[in-house]
Structure formats: structure tokens, C-alpha cells
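Student: Please take a close look at one part of this model for me. I would like the salt bridges in context.

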Amino acid sequence: MKKQQYGYVRVSTKEQHTDRQMMAMEKAGIMRNHIYEDKQSGKDFERPQYKKLIRKLKSGDVLYIKSIDRLGRDYDEIIQQWRKITKEMEVDIVVIDFPLLDTRARENDLTGIFIADLVLQILSYVAQVERENIRQRQKEGIEVAKVKGIQFGRPKKELPPDFSIVYGQWAKKHISAREAGRRLGVDHKTFHKWVSMIQ
């Protein structure tokens, strides 16, 4: 059976474009009807076209991706998908942006599954560490900002001028919390929050 060449492109949001990835696929000689494309957010990683592609791939086929992070969101997922495709399915992978990540065995050349696996693990690890460093820097930045008194989230509502009058009536049980909130133009939960702030 003739080996088939396929391409997979993915962007994280519907607003992003796959133009650069598509151009790379065309340059690699992948037919348009052999390119599978997904657009989805980080929260929704269902990737219907990727699943369809996996069902289509046969042993001996070649899968092209522009960059290694198209395979997954993190180190573990990238490694898992790489192993599934190259080892279980016996499909070759070519990462266009990184020629060392090419599992096609070549005569008198060490570049193949072993070298590609090694390079992949190093690259994926570095990418994962960088993501964790970014998260750590963000966390440290937030902590520094809090020390400086910078507020995060929605600003707290100011107490209305007539709060003390309404609060007094509520405290004497002349009105309910719901009625107090209604008079102040808020719901009873906000009224209770204000009460807890002054008690």
C-alpha cells in the first residue's frame, strides 16, 4: 500500500489564523484534502479533526506538523501522542520547524526514531519548564503588587451615604435584610457583606 502524507494544523482560538501553518504544509507538498485543521480554546481540547486524522493514519504514513506543540498542551501530552503515533501506529512524524524531529530513517544517517525521541524529550521538558517559570513569575508579580497595595478583581462597592440609617433600622429589627438591601439599591447578600465589614 502506498504511503500517504498528512498534515495537522491547530490554533488555540477561533480568532487566530492557520495561514502560516497551511503555507508550510503546502511547501512540504501536502495535498489540501490531506490537511486536518482544529481551532479550539485551551479549555476545550477535544480536537475533533485530530481524532479523525488519527483514525485515518496507517502504518508507514507520514504526519507533518509545523511545530511540536501542535501535538499537545504540555510535556506529558506531547510525549504521549508522539509515542502513540510513532511506536503504536508506526507512523513517521516530521516537525517542519525542527528538522531533527524527523523519524523517517535515512540511509547512513543517525537521524531517526532514536535521535528524534531524545530531542523531543529535551525540547518538551524545556517548554514545560518555561511554562512553569512564566506561571511562577506571574505569581511573584501578583504578590509584589499586593504588597504595594495594588488591588486585584472588581473594586469594592462604596457604602451608600444613607447606609448608617438603614443599618440602624435593620439592627433594631425594624426591617429585614432584603428590605435594607432594597432601600440601598443592592441585594441582601451585599448588605450582609457590608454589615460584616463594620462589625
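This is a predicted model: local features need pLDDT of at least 70, side-chain atom pairs count only at pLDDT 80 or more; totals for chains, interfaces and linings use all residues.

Tutor: Start with V126, which sits in helix α4 (residues 113-147). Helices here are DSSP runs of H or I, at least four residues, numbered from the N terminus. V126 is partly exposed, at 48% relative accessible area. That class lies between buried, under 20%, and exposed, over 50% (1.4 Å probe, protein chains only).

Residues are numbered from 1 along each chain as its sequence is written, and side-chain values use heavy atoms, with hydrogens and water left out.

Now the charged pairs. The structure holds 6 salt bridges. Each is a side-chain nitrogen of Lys or Arg within 4 Å of a carboxyl oxygen of Asp or Glu. Side chains of opposite charge can pair when their charged atoms come close.

Helix α6 (residues 177-184) holds both R182 and E179, 3 residues apart, about one turn of the helix. Their closest N and O atoms are 2.7 Å apart, in a salt bridge. E179 also bridges to R183, at 2.8 Å. That pair is 4 residues apart in helix α6, again about one turn. So E179, R182 and R183 are linked in a network of salt bridges. R182 is exposed, at 57%. R183 is partly exposed, at 38%, and E179 is partly exposed, at 21%.

Elsewhere, E37 forms a salt bridge with R32, the closest N and O atoms being 3.9 Å apart. E37 is partly exposed, at 27%.

Conventions: Helices (H or I, at least four residues) and strands (E, at least two) are DSSP runs, numbered from the N terminus.
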